[in-house]
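Grab a pencil and work through these exercises with the structure open beside you. Each task comes with a worked solution, one step at a time.

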Amino acid sequence: MTPDVLVIGAGAAGIAAARSLREAGRSVLVLEARNRLGGRVQSLDAPGGVFDAGASWLHSGATNPLTPLARDLGMALANHDALGDSLTFIGDRLATPAERAALVAERDRFHARVAAAARDPRPRSVAEAAMPEGAWGPTVAAWEGDLICAAPLAAMDLHDVAANALDDPNYLPEPGFGTLLRRLAQGLPIRLSAPVTALDWNGPGVVAMTATGPVAAGGAIVTLPTPLLGGFAFSPPLPAAHRAAAAALPLGLLTKVLLPAAGEDRLGIAPFSRLDRQVAEGETLLSFLLWPFARPHAIGFVGGTVAWHLARQPPAATVALMRAEIRSRFGARGEAAFDWPRCLVTAWGTDRWARGAYSHARPGQAGARRALARPFPHGGEVPLVVLAGEACHPTLAGTVGGAWESGQRAAARILGLG
């Protein structure tokens with residue numbers, strides 16, 4: 001069978017595109033390089049439950065397109081913003097309520113400054129236009145940059161960050177985000193372990209080259225992460241505007257560490273609690289999610305420049321950093337609460353099919369997302385090739401919801417509907 005449309009990649013964008021094409025009555029085939037679907041979403045078995053090694057949250061949950069789909073499947077969604085405690089340390093002690101309120105106030109001021117500065121059309125980085133200030137400034141900068149956006153504020157375009165501001169609530173799907181995508185992909189024609197090595201789009205249709213031979217189709221939706229686009233063998237070559245857009249949208253890195261509990265001690269901390277600390281300029285901010293869904297594990301996070309540095313070292317270096325942080329917060333009791341040899345460190349930075357976590361726009365490149373999402377020019381009435389993925393979404397970039405909507409939009413475009 002020659003499908004109407006070929007979808008390259010079975011992550012959220014590819015699954016959404018395939019579902020939309022099927023709903024429109026078109027035949028589709030999805031080719032996925034990995035031996036699993038989900039892309040940068042992956043749910044793994046962990047002590048007492050599931051560990052989302054990739055994306056975890058349904059951000060902007062009230063409007064996220066995946067929220068109603070998860071609920072239709074009967075999946076429990078935990079409103080993380082309403083659960084657990086926020087525990088911030090200053091040195092070896094917990095911040096007082098007044099100190100914690102000062103931190104929250106500086107975060108609010110930061111977001112207000114970003115929104116106000118974005119009214120000025122001049123291209124600037126977030127650091128140039130809205131750097132957090134005061135005693136909590138470095139902490140807010142590290143949190144909003146390295147941990148939220150997986151890159152430092154100096155590396156990100158102001159207008160892109162303002163356009164992609166997320167709203168509460170943030171939902172955690174109890175069965176795991178990867179489980180949600182697997183269920184949404186049920187019934188779709190997906191070939192796993194089928195990497196595409198080249199795509200000929202000379203027309204009238206497209207031809208994808210795979211290890212088992214060529215696959216022809218009427219058109220293609222390509223959902224590769226931006227670092228892979230420049231080296232992919234398009235024929236004709238990737239259009240210059242798309243090549244420039246992909247280069248303007250690099251992936252940052254957020255590394256997660258699964259910390260299994262060593263026994264029954266939960267350190268007197270409620271499930272879903274968040275742990276962080278005040279940092280000075282140049283210090284690394286680590287964050288922890290403790291006992292999600294009352295499971296016997298915690299999850300540590302490190303992002304940005306430090307995460308990239310650690311990605312070039314053995315996983316033990318990242319575990320040692322997490323262990324030192326826990327010890328500095330809780331002493332010997334905290335260190336004894338976790339089974340350190342069984343920790344699991346994610347490796348999205350070195351993953352050959354990802355090469356990072358999610359995208360940010362370089363300063364001055366706020367228009368790159370819309371440019372990346374435009375169909376390849378070829379002179380016909382209906383596009384032959386459209387790109388999709390979280391990097392293509394102008395207001396939900398870096399999220400699975402954004403990838404999902406971009407897949408739906410790409411399907412509409414390749415059908416000549418948008």
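**Exercise 1.** At what angle do helix 1 and helix 13 pack, and how far apart are their axes?

*Solution.* A quick note before you start: this is a predicted model, where local features need pLDDT of at least 70 and side-chain atom pairs count only at pLDDT 80 or more, while totals for chains, interfaces and linings use all residues. Residues are numbered from 1 along each chain as its sequence is written, and side-chain values use heavy atoms, with hydrogens and water left out.

Step 1: helix 1 and helix 13 pack at about 40°, and their axes are 7 Å apart. Helices here are DSSP runs of H or I, at least four residues, and strands are runs of E, at least two, numbered from the N terminus. Axes are lines fitted to C-alpha atoms, for helices over the stretch in contact, with angles from 0 to 180 degrees between N-to-C directions.

Step 2: that angle makes helix 1 oblique to helix 13 (under 35 degrees is roughly parallel, over 145 roughly antiparallel, 65 to 115 roughly perpendicular, the rest oblique).

Step 3: look at who meets whom. Helix 1 brings residues including Ala-12, Ile-15 and Arg-19, and helix 13 brings residues including Trp-404 and Ala-411.

**Exercise 2.** In what order do the 4 strands of the open sheet run?

*Solution.* Step 1: the order is 12-11-10-14, with mixed pairing (two strands pair if DSSP finds at least two bridges between them).

Step 1: strand 12 (213-217) and strand 14 (233-235) each have a single partner strand, so one side of each lacks a neighbour in the sheet.

Step 2: check one pair. Strand 11 (residues 206-210) runs antiparallel to strand 12, joined by 5 bridges, and Thr-210 stands opposite Gly-213 in strand 12.

Technical notes: Contact means heavy atoms within 4.5 Å.
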